[in-house]
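Subject: Structure handover

Hello,

Here is the structure for your files. My notes on it follow below.

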Amino acid sequence: ATPATPATPAAAMPPPTMTQHMKYIQERVNPIMEAMVTAVLLKCPDDPAAFMMKWLLEQDRYDKGEFGRPADQEELKQLKEELARLQVYKAELEEALAAKDDR
């Protein structure tokens, strides 16, 4: 049996050329950016960054990476509990600051 030829490591591959970068931008990035900018201009949201993030996550035709995975329900529960504790703590700090200012 002939031994398998090892795959070429990624580090040995030549870096992309400027032409490859431009082609990637034109074919992959521009269509997404154009659609997103159009959506932003149609809505004119007060917080464009938040709108764009939400818009990207709502698109089914693009790879969402880790943001596309289903939420871990236990982790979500823990985060909501931590948020509630922090909101109570914030309110306590605001009350203490207000009391201090009243003196």
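Of the 103 residues in the protein, 7% are buried (under 20% relative accessible area; exposed means over 50%, and partly exposed is in between, with a 1.4 Å probe and protein chains only). The accessible surface comes to about 9,600 Å², and carbon and sulfur atoms account for 60% of that surface (Shrake-Rupley method, 1.4 Å probe; for residues, only the protein chains shown count as cover).

The model is predicted: local features need pLDDT of at least 70 and side-chain atom pairs count only at pLDDT 80 or more, while totals for chains, interfaces and linings use all residues. Residues are numbered from 1 along each chain as its sequence is written, and side-chain values use heavy atoms, with hydrogens and water left out.

Secondary structure: there are three helices and zero strands, giving the pattern α-α-α along the sequence. Helices are DSSP runs of H or I with at least four residues, strands are runs of E with at least two, and numbering starts from the N terminus.

Salt bridges: the whole structure holds two, each defined as a side-chain nitrogen of Lys or Arg within 4 Å of a carboxyl oxygen of Asp or Glu.

- Glutamate 58 pairs with lysine 54, with 2.4 Å between the closest N and O atoms. The two are about one helical turn apart, because four residues separate them in helix α2 (residues 48-58). Glutamate 58 is partly exposed, at 45% relative accessibility.
- Glutamate 94 pairs with lysine 90 at 3.8 Å, N to O. Both are in helix α3, four residues apart, or about one turn of the helix. Glutamate 94 has a relative accessible area of 46%, so it counts as partly exposed.

Loop between α2 and α3: glutamine 59 is located here. With a relative accessible area of 13%, glutamine 59 is buried. A polar atom of its side chain lies 2.9 Å from the backbone oxygen of tryptophan 55.

Surface charge: Asp72, Glu74, Glu75 and Glu81 form a patch of negative charge on the surface. Patch members have over 30% relative accessible area and no salt bridge, with like charges joined within 9 Å. Asp and Glu count as negative, and the charge is placed at CG of Asp or CD of Glu.

Regards

How values were computed. Patch = residues over 30% accessible without salt bridge, like charges linked within 9 Å, V, L, I, M, F, W, Y side chains within 5 Å. Polar contact = N/O pair within 3.5 Å; in protein donor to acceptor, adjacent residues only side chain to side chain.
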